[in-house]
Amino acid sequence: MPAIYAKAPGKIILFGEHAVVYAQPAIAMPVSKVYATTRVIPEVTGSKNQVHIKAPDIQLDVDLADLDREHPFAVTIQQVLNAVNLDHLPSLTLLISSTIPIAAGMGSSAAITIATIRALTDFLGKPLTAGETSSLAFEVEKIHHGTPSGIDNYVIAHQKPVFFTHGKPIEHLEIQLPTHWVIADTGEKTSTKDTVADVRKLQALAPETYHPIFEQIGQIAFNARQALIAGNTDLLGQLMGENQRLLEQLTVSSPKLGELISAALAAGAVGAKLSGGGRGGNVIALAPTQNTQSIESALLEAGATRVITTTLSKGEK
Ligand code: PMV
C-alpha cells in the first residue's frame, strides 16, 4: 500500500480576535504559503497494530501506546477512529511536519490536526467532509487553547476566507477585488490559551467595561466584511487601526507588536494590527497596492523574524 500524504494551510485572523470567543463575528483567511503535512506510511514489518508518530519539528518520535491519552496526537487519532467506527489503526507510521510558525497565531496546531485527520481518513478510505474535519479538529483545539472559538479549525478545514460567528451559520466571503497583506512575525512566542484566559478574567471582573469592547470589535468585523469583499483598502485600514486600539484595551498587544505596526504604517501600509492571541506572534499589515516590498523591508528592518505576503482574492475562495 503506498504512503498517503495530506496537507493543510496556515491561517491569519484579519479582524475580531478575542471578541470572537464572546460570540462576536471575526474574519480570517487561509495562508497557503505555509502549511502542515502528514504522511501515513504503512508498516508491513512492524509488530501488529503498532502506530508510530514522528514529528521532528517538535522532537517527537514515539509509539502511540507510549503517548499520554490526552496528548493532542492521541486525541486526534481517537477522534478519527470514532468518526470512522474503528477501534484501532493498522500498523503505520505518521510523519508530521509543518512550515507554520508555532505559537504565532497562524493556526499551526489546527493545521497539524487537520493534515493528520485528512491523511488518516484518506488512508482508511473514509475521507470526511470539510465540516466533519473541522468538528473533529475543534475537539483537539480545546486541548491546545482551552476555550477556543473554533475559527482556526473552521477556516483551515474549509480553506476559504470566512466571516465567522461561533454557533451561527458561517459565511464564506465572495471576494470581488483583491487585497494584499504582509504578515510579520515578532519572533515572540505567545500562548493563545493564556491570553484567552487573561481576557476571560478581565471580563469576569468588569463585564461593564469589557463587553462593550467586544461589541465594538464585532461591529468593526461586521463593517470590514463588506470592505473586504469590495477591496476598499482605505476603509479596511481605518478599521484595522480601530481594532488594534481595542485589542490594546484588552491588554493583548506588546511593545514589539507596536513597533512592527508603526514600522508598517511608516512604510506606507494603509492599516496594521496584531493578529491572533497577541502578546507576541504576528502583525498583519494591509498594503495599498500589489507592491508590498517596501513594507516587507521595513518590517524586517524593525526586527520581524519572518514576513509572508499573501493576496486575498477570488482565487483564495
Ligand atoms: O492565536 P490564534 O490565531 O490561534 O487565534 C486566537 C484567536 C482568539 O480569538 C484569540 C481565540 C479563539 O479561539 O478564537
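View 1. Helices (H or I, at least four residues) and strands (E, at least two) are DSSP runs, numbered from the N terminus. This is a predicted model, in which local features need pLDDT of at least 70 and side-chain atom pairs count only at pLDDT 80 or more, while totals for chains, interfaces and linings use all residues. Residues are numbered from 1 along each chain as its sequence is written, and side-chain values use heavy atoms, with hydrogens and water left out. Along its principal axes, the C-alpha trace spans about 60 × 45 × 35 Å. A compact globule of 317 residues would have a radius of gyration near 20 Å, and the protein chain agrees with its 20 Å. (That radius is taken over C-alpha atoms, and the globule rule is 2.2 Å times the number of residues to the power 0.38.) Of the 317 residues, 55% are buried; buried means under 20% relative accessible area, exposed over 50%, and partly exposed in between, with a 1.4 Å probe and protein chains only. Now look at contacts (heavy atoms within 4.5 Å): among those between residues at least 6 apart in sequence, 74% join residues at least 24 apart.

**View 2. Helix α6 covers residues 207-230.** Its 24 residues reach 35 Å from the first C-alpha to the last, close to the expected 34 Å; the expected span is 1.5 Å times one less than the number of residues. Follow the helix to A224, where a kink of about 25 degrees is centred. The bend at a residue is the angle between axes fitted to the seven residues ending there and the seven starting there. Buried residues in α6 include Y210, F214, I217 and A221. An α-helix has 3.6 residues a turn, so residues three or four places apart point the same way. Just after α6, G231 takes a positive phi of about 65 degrees.

**View 3. I213 is a residue of helix α6.** With 4% relative accessibility, I213 counts as buried. Leaving aside residues up to four places away in sequence, I213 touches L246, Q249 and L250. I213 and M106 are 107 residues apart in sequence, and their C-alpha atoms are 24 Å apart in space.

**View 4. Four strands form an open antiparallel sheet in the order β9-β10-β8-β11.** The edges belong to β9 (271-275) and β11 (306-312); each has a single partner strand, so one side of each is left without a neighbour in the sheet. On average, neighbouring strands are turned by 25 degrees against each other, direction ignored. Two strands pair if DSSP finds at least two bridges between them, and seven bridges join β8 (residues 179-185) to β11. Helix α8 (residues 255-266) lies across β8, β9 and β10 (282-287), running at about 155 degrees to β9. Axes here are lines fitted to C-alpha atoms, for helices over the stretch in contact, and angles run from 0 to 180 degrees between N-to-C directions.

**View 5. Q159 and R279 are found in loops.** Q159 sits between α4 (151-158) and β6 (162-164). Its phi is near 55 degrees, a positive value in a residue other than glycine. Q159 is partly exposed, with a relative accessible area of 33%. R279 has its place between β9 and β10. Phi of R279 is near 55 degrees, again positive in a residue other than glycine, and R279 is partly exposed at 29% relative accessibility.
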